[in-house]
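Me: Got a model to go through. Can you take me over its cavity, a pocket and some helix packing?

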Amino acid sequence: MKVLFAGGGTAGHINPALAIAGYIHGREPSAKILYIGNKGGMEERLVPAAGFAFKTVTISGFQRKITPKHIAENIRTVSRIFTAGSQAKRLIETFRPDICIGTGGYVSGPVIRAAIKMGIPSVIHEQNAFPGITNKMLAKQASRVLLAVDDARKYFDTDRCMLTGNPVRQELISADKHAAREKLGLDSRPVILSFGGSLGARSINESIIDLLVRSGKTGQFQHIHGYGQYGTWMPDLLGKKGLNLKLANHIDMREYINNMPDCLAAADLVICRAGAITLSELQVQGKASILIPSPNVAENHQYHNAMAMVNRDAALMIEEKDLSGQVLCKMVENLFSVSGKVEQIGNNAKKMAIFDANERIYKIIKEIIG
């Protein structure tokens with residue numbers, strides 16, 4: 001079996017593709033896999049590191065602001081759309097895949113469109129509750145549209161949608177709360193886990209300060225916070241506000257959370273963005289969460305991701321425009337003041353979980369190939 005993947009721009013498009021590719025390779029070690037990404041995109045680094053063959057095309061997205069610089073860039077984008085299509089066609093002709101899988105991002109457009117024109121079975125995987133432009137454009141001609149969240153179905157004008165979920169790492173599915181707490185040296189007090197991504201989200205870092213200071217004084221919560229690459233100012237500010245992190249052994253501050261399966265399993269409440277893969281991880285672990293969607297993403301899709309959970313009483317949400325330390329502290333205190341509320345929200349999140357996404361996707365691929 002020969003499978004071609006296309007997707008990139010963000011980890012949310014790349015990681016699902018890598019998870020599916022890894023699953024296929026595990027089931028069929030002889031399978032040939034090629035990943036086509038954008039030249040200069042983060043996939044150029046992540047895909048070879050995962051051990052898969054990688055080729056590039058050059059593509060970019062349209063700039064929405066009307067400035068001389070953006071107009072010039074949009075003219076270049078139009079040119080790249082045509083050249084990326086021909087680049088993709090040559091790569092596809094050389095590799096001769098049995099099936100092509102697009103996981104979103106600008107690069108998947110010309111690749112999957114070329115594959116469809118060449119008569120090669122193609123599927124797209126949509127990670128979010130509100131689909132991206134590229135996937136909506138490709139959906140009518142794709143062999144299947146694979147959905148992570150059923151809420152996305154209404155945005156596609158096709159009857160070929162199938163609910164598969166987002167691929168989630170097995171170590172996140174199997175991580176155990178008791179074992180994780182023991183490993184991390186945590187006691188029976190409630191555990192809060194918060195993070196804003198590898199770079200760090202300034203709005204989350206700023207709002208979490210008040211909660212950390214309160215926890216430092218009262219000892220009510222154990223708290224793990226990842227402040228990210230751009231949040232290195234946090235420990236100094238906490239010190240100025242009277243929180244000595246060297247003495248507060250119930251507060252774990254770090255730049256990057258590199259043992260997420262253990263930290264997530266240990267947590268009672270998670271405060272984070274609303275990226276698609278993150279929410280799928282919360283669901284499989286059955287974790288209550290306060291979601292703070294990033295407003296700086298395409299089609300405001302994180303808001304829609306969060307609402308898919310909020311509407312099922314599976315999470316709470318604070319929009320960034322309403323976020324402050326006071327608002328966050330009050331929401332956390334209200335949550336823990338109602339007996340069983342945190343557990344109830346976590347249980348509702350788990351009801352949304354799809355544990356066998358990789359297997360579902362693999363079966364669809366095999367069915368299409370025949």
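Me: What should I know about the model and its numbering?

Reply: This is a predicted model, where local features need pLDDT of at least 70, side-chain atom pairs count only at pLDDT 80 or more, and totals for chains, interfaces and linings use all residues. Residues are numbered from 1 along each chain as its sequence is written, and side-chain values use heavy atoms, with hydrogens and water left out.

Me: How many cavities of 30 Å³ or more turn up?

Reply: The search of the whole structure gives 1. A cavity here is a set of points on a 1 Å grid over the protein atoms alone where a 1.4 Å probe fits but cannot get out, and lining residues have an atom within 4 Å of a point. About 60 Å³ of space lies in the largest cavity, a volume being the space filled by probe spheres set on the points.

Me: What about the classes?

Reply: The lining of the largest cavity has 6 nonpolar, 5 polar and no charged residues. Ala, Val, Leu, Ile, Met, Phe, Trp, Tyr, Cys and Pro count as nonpolar, Asp, Glu, Lys and Arg as charged, and the others, Gly among them, as polar.

Me: How do H11 and H12 cross?

Reply: At roughly 20 degrees, with the axes of H11 and H12 (residues 301–310) coming within 10 Å. That makes H11 roughly parallel to H12, since angles under 35 degrees count as roughly parallel, over 145 as roughly antiparallel, 65 to 115 as roughly perpendicular and the rest as oblique. Axes are lines fitted to C-alpha atoms, for helices over the stretch in contact, and angles run from 0 to 180 degrees between N-to-C directions.

Me: Which residues meet there?

Reply: Ala276, Leu279 and Gln283 in H11 meet Asn305, Ala306 and Met309 in H12; contact means heavy atoms within 4.5 Å. By class that contact has 4 nonpolar, 2 polar and no charged residues.

Me: Now the second largest pocket. Which residues lie nearest its centre?

Reply: Lys177, Ala267, Gln285, Gly286 and Lys287, out of 16 lining residues. A pocket is an open set with protein on both sides within 12 Å along at least five of seven lines. About 250 Å³ of space lies in this second largest pocket. H14 gives the largest share of its lining, 5 residues, and the lining has 6 nonpolar, 4 polar and 6 charged residues.

Me: And H1 with H15, what angle do they pack at?

Reply: About 70 degrees, with the axes of H1 (residues 11–27) and H15 (residues 357–369) 10 Å apart. H1 and H15 are therefore roughly perpendicular. Residues in the contact include Tyr23 and Arg27 of H1 and Glu359 and Tyr362 of H15. They divide into 7 nonpolar, 1 polar and 2 charged.

Me: Last pair, H8 and H13. How far apart are the axes?

Reply: They come within 7 Å and cross at roughly 50 degrees, for H8 (residues 202–218) and H13 (residues 325–337). H8 and H13 are therefore oblique to each other. The classes are 5 nonpolar, 3 polar and 3 charged.

Technical notes
Helix = DSSP H or I, 4+ residues; strand = E, 2+ residues; numbered from the N terminus.
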